Amino acid sequence: MMNAGNMYLQQNQFKQADSIYIKALQFARDSQFVLRVQQLFSNLTWSSIKRDQFDQATVWMDSVKKFSPSALSSVALRN
């Protein structure tokens, strides 16, 4: 799925790319594929940057940080 999103992003078809990335993101979150979640948030960040939507890019980038292994391990330690 992510490859299809990448193809659309390369072609500057941002709406299609973002739609696929968000569907893949839901699957990755449900499956707890942390690295894939980070990759998808990064792809969404890049898509926003390419459209000059820097505020949205910041939101997506902040989401990458929330799913970093160090953030996840600190949450696990608190539990």
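The legends below describe close-up views of a predicted model.

**View 1. Helix H4 and its length.**
Helix H4 covers residues 54-66. At 1.5 Å a residue, its 13 residues should span 18 Å, and the C-alpha atoms at its ends are 19 Å apart, which agrees.

**View 2. The buried and exposed sides of H4.**
Four residues of H4 are named here as buried: Ala57, Trp60, Ser63 and Val64. Seen down the axis of H4, the buried residues fall within an arc of 115°, so they line one face of the helix. The face turned away from this buried side carries the exposed residues Asp55, Lys65 and Lys66. An α-helix has 3.6 residues a turn, so residues three or four places apart point the same way.

Helix H3 (34-50) is part of what covers the buried residues of H4. Two packed helices are described by the angle between their axes and the distance between the axes. The axes of H3 and H4 come within 8 Å and cross at roughly 170°. That angle makes H3 roughly antiparallel to H4, because angles over 145 degrees count as such. On the H3 side, the residues in contact are Gln38, Phe41, Ser42, Leu44, Thr45, Ser48 and Ile49. They meet Phe54, Gln56, Ala57, Trp60, Met61, Ser63 and Val64 in H4.

Ser63 lies in helix H4. With a relative accessible area of 14%, Ser63 is buried, because the limit for buried is under 20%. Ser42 in H3 is listed among the residues that meet H4, and Ser63 among those of H4 that meet H3. Along the sequence Ser63 and Ser42 are 21 residues apart, while in space their C-alpha atoms are 8.8 Å apart.

**View 3. The salt bridge between Asp18 and Arg51.**
Side chains of opposite charge can pair when their charged atoms come close. The model has two salt bridges by the rule applied here. In one of them Asp18 pairs with Arg51, and the closest N and O atoms are 2.6 Å apart. This pair links distant parts of the chain, as Asp18 is in helix H2 (residues 14-31) and Arg51 is in the loop between helix H3 and H4, 33 residues apart. Asp18 is buried, at a relative accessible area of 14%. Arg51 counts as partly exposed, at 27% relative accessibility.

**View 4. The salt bridge between Lys65 and Asp62.**
The side chains of Lys65 and Asp62 also meet in a salt bridge, with an N to O distance of 3.7 Å. Both residues belong to helix H4, where they are three residues apart and so separated by about one helical turn. Lys65 counts as exposed, at 54% relative accessibility, whereas Asp62 counts as partly exposed, at 34%.

**View 5. Asn12 in the loop between H1 and H2.**
Asn12 is found in the loop between helix H1 (2-10) and H2. Its phi is near 60°, a positive value in a residue other than glycine. Asn12 is partly exposed, with 45% relative accessible area.

**View 6. Gln32 in the loop between H2 and H3.**
Gln32 sits in the loop between H2 and H3. Although Gln32 is not a glycine, it has a positive phi of about 60°. The relative accessible area of Gln32 is 68%, so the residue is exposed.

Notes. Residues are numbered from 1 along each chain as its sequence is written. This is a predicted model: local features need pLDDT of at least 70, side-chain atom pairs count only at pLDDT 80 or more; totals for chains, interfaces and linings use all residues. Side-chain values use heavy atoms; hydrogens and water are left out. Helices (H or I, at least four residues) and strands (E, at least two) are DSSP runs, numbered from the N terminus. Buried means under 20% relative accessible area, exposed over 50%, partly exposed in between (1.4 Å probe, protein chains only). A salt bridge is a side-chain nitrogen of Lys or Arg within 4 Å of a carboxyl oxygen of Asp or Glu. The expected span of a helix is 1.5 Å times one less than its number of residues. The arc is that of the directions from the helix axis to the C-beta atoms. Contact means heavy atoms within 4.5 Å. Axes are lines fitted to C-alpha atoms, for helices over the stretch in contact, and angles run from 0 to 180 degrees between N-to-C directions. Angles under 35 degrees count as roughly parallel, over 145 as roughly antiparallel, 65 to 115 as roughly perpendicular and the rest as oblique.
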